[in-house]
Amino acid sequence: MSTDPPRRLSLATLPGVPAESRPPIDPRALRPRIVHLGIGAFHRAHQALYTQAAEAAHGGGWGIAGVTQRSRSVVDALRPQDGLYSFTERRPEDGATRVVGTVTEVLHAADDGARLDALLASPEVTVVSLTVTEKGYRRDAATGGLALEDPLVRGDLEGRPAPASVAGQLAAGLRARLRAGGAPVSLVSCDNMADNGAVLRRLVREFIAATAWEDRDRLLDWITGSVAFPATVVDRIVPATTDADRRAAARALTVADAGAVTGEPFTQWVLQDIFAADRPHWEAAGVRFVPDVSPYQLAKLRLLNGAHSLIAYLGLAAGCETVADVLATPWGEETVRAYCAEAAQSLPPTEGLDLPAYIDSLVDRFANPAMEHRVQQIAMDGSQKIPERWLAPLRELRAAGRDTPLLATALAAWARRTRDHPWTIRAPRSCAAPGTARTPRPRAGCCGCWAPRTSRTTPPSSRPYGRSWTPAPGRRADRTHRPRKGEPP
């Protein structure tokens, strides 16, 4: 019996992959024209696919140099595979698996800092995109600007050889680009933040302004005229890849794929049409270019993302494991529709945006059992997500004199979860620079700055708003009621 490891996906083994699963482009014909910071599962299931479709339609050699900020797992998965990986579209009836060939190289920001600097300075690279999550921008919670006292940011400002913060990496890259001739470039944030383009521009400029660089004023002037920061809206549900997903991909491809990702059939990308330089013909792949993305952004943040977070916390309290499990309960769909109807009152009317149809599509997407999207994954980092998803519409609707029972329930469900299970709702990483000791674990919430200490003699209620509870004589006081699966929280 052979003990040889299975062959892995690569340029050498690609000819042996079934024809219907091979990419519609020749990966060898591409060169790095896009740098992407944060080459996680979402980018590989979204922007990389759009780029492949645009390349198949119009050409241009649009390859992607993907950069991971911290973990080397993506490098270890994709580098031996020449950047190739597969995407499986999860449909209720069956799945469709295809290799994606647009990633030309995979870098680690610290270990490959010199190569990253060279790419950011290269006139061949005209688009730099990002999916680093909300917390990756290192924003000050009070001002929304750059957190200058964040250890990663401070270390970069003090001259760390390989910048560790996103703002530091981009600022150093733009400085090198100006010195190399100043070719225009577009920086495209694809993270779930309102006005993500304006936010990224502010953070980069504030980092540069805080440096001691002699050429900082010249650099800021050049950025004003030569660097664009388009706003974007991205949408596709991408669950965490499981071992079962990798086994299914291997069966479809006939080779092992350590970088396999999956996603739902629905996908959307809306881009502000203000690019400073050449870009792929993404419109041929279905991307919508508009003058103002904010109506689409608000709808996505407050309806899709807001409803997702709500049913994640309620689902965890009810013992559900996946989003589809929540939608299968007697209260799941009703809760989603009621929440969306409430939050939609905070959205401006927009031509071409049919909110009732959008809400219907959300229900269908959430109910797709093939997604197996775990509510625990959605609930992570809630402190970073809920201000834009829930707090902004809550304030606006309250100011207008409207009732907000579903938004209040959402906040109560989140607060209850962080109080009762603080380590299952991951708080942001310690703000320690790589290689330094982390600060002690926070109690809950955002870096533990607000979370109340709870007594072991006052276990939480199974209801969002809490109830009086007194242990019976002789019984342990730290037992918590755990509702049966599907029982409303």
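Start by selecting helix α12, residues 332-344, together with helix α13, residues 355-366. Their axes come within 10 Å and cross at roughly 150 degrees. Angles over 145 degrees count as roughly antiparallel, and α12 and α13 are therefore roughly antiparallel to each other. The crossing of this pair is right-handed. Keep in mind that the model is predicted.

Now show the side chains where the two helices meet. On α12, pick E333, V336, R337, C340 and A344. On α13, pick L355, I359, D360, L362, V363 and F366. Colour them by type: eight are nonpolar, three are charged and none is polar.

Stay on α13 and centre on F366. Which residues does F366 contact, leaving aside its neighbours within four places in sequence? They are I237, L304, A307, H308, I311, V323, A324, L327 and V336. V336 also belongs to the α12 side of the α12 and α13 contact.

Next, widen the view to the largest nonpolar core, which has 50 residues. Select L303, V336, Y339, C340, F366 and W390; these touch the most other members. Then bring in the helices around them. α10 (294-317), α11 (323-327), α12, α13, α14 (375-379), α15 and α16 each supply at least two residues of this core. Which helix gives the most? α10 does, with eleven residues. In soluble globular proteins, nonpolar side chains tend to be buried together.

Before moving on, locate the second core. This one is separate and has 38 residues.

Select α15, residues 382-399, and α16, residues 405-420. Their axes also come within 10 Å, and they cross at roughly 155 degrees. That angle makes α15 roughly antiparallel to α16. Left-handed or right-handed? The crossing of α15 and α16 is left-handed.

Show the contact side chains here too. From α15, take G382, S383, I386, W390, L391, P393, L394, L397 and R398. From α16, take L407, A408, A410, L411 and W414. These residues divide into eleven nonpolar, two polar and one charged. W390, on the α15 side of this contact, is one of the residues that touch the most other members of the largest core.

Finally, zoom out to the whole protein chain. There are 16 helices and twelve strands to find. Of the 489 residues, 55% are buried. Among contacts between residues at least 6 apart in sequence, 77% join residues at least 24 apart.

Conventions:
Residues numbered from 1 in each chain as written. Predicted model: local features only at pLDDT ≥ 70, side-chain atom pairs only at ≥ 80, totals over all residues. Heavy atoms only, no water. Axes fitted to C-alpha atoms, helices over the stretch in contact; angles between N-to-C directions. Helix = DSSP H or I, 4+ residues; strand = E, 2+ residues; numbered from the N terminus. Parallel < 35°, antiparallel > 145°, perpendicular 65-115°, else oblique. Left-handed = near helix turned anticlockwise from the far one by under 90°. Contact = heavy atoms within 4.5 Å. Nonpolar A, V, L, I, M, F, W, Y, C, P; charged D, E, K, R; others polar. Core = buried A, V, L, I, M, F, W, Y, C linked by side-chain atoms within 4.5 Å. Buried < 20%, exposed > 50% of the residue type's maximum accessible area, 1.4 Å probe, protein only.
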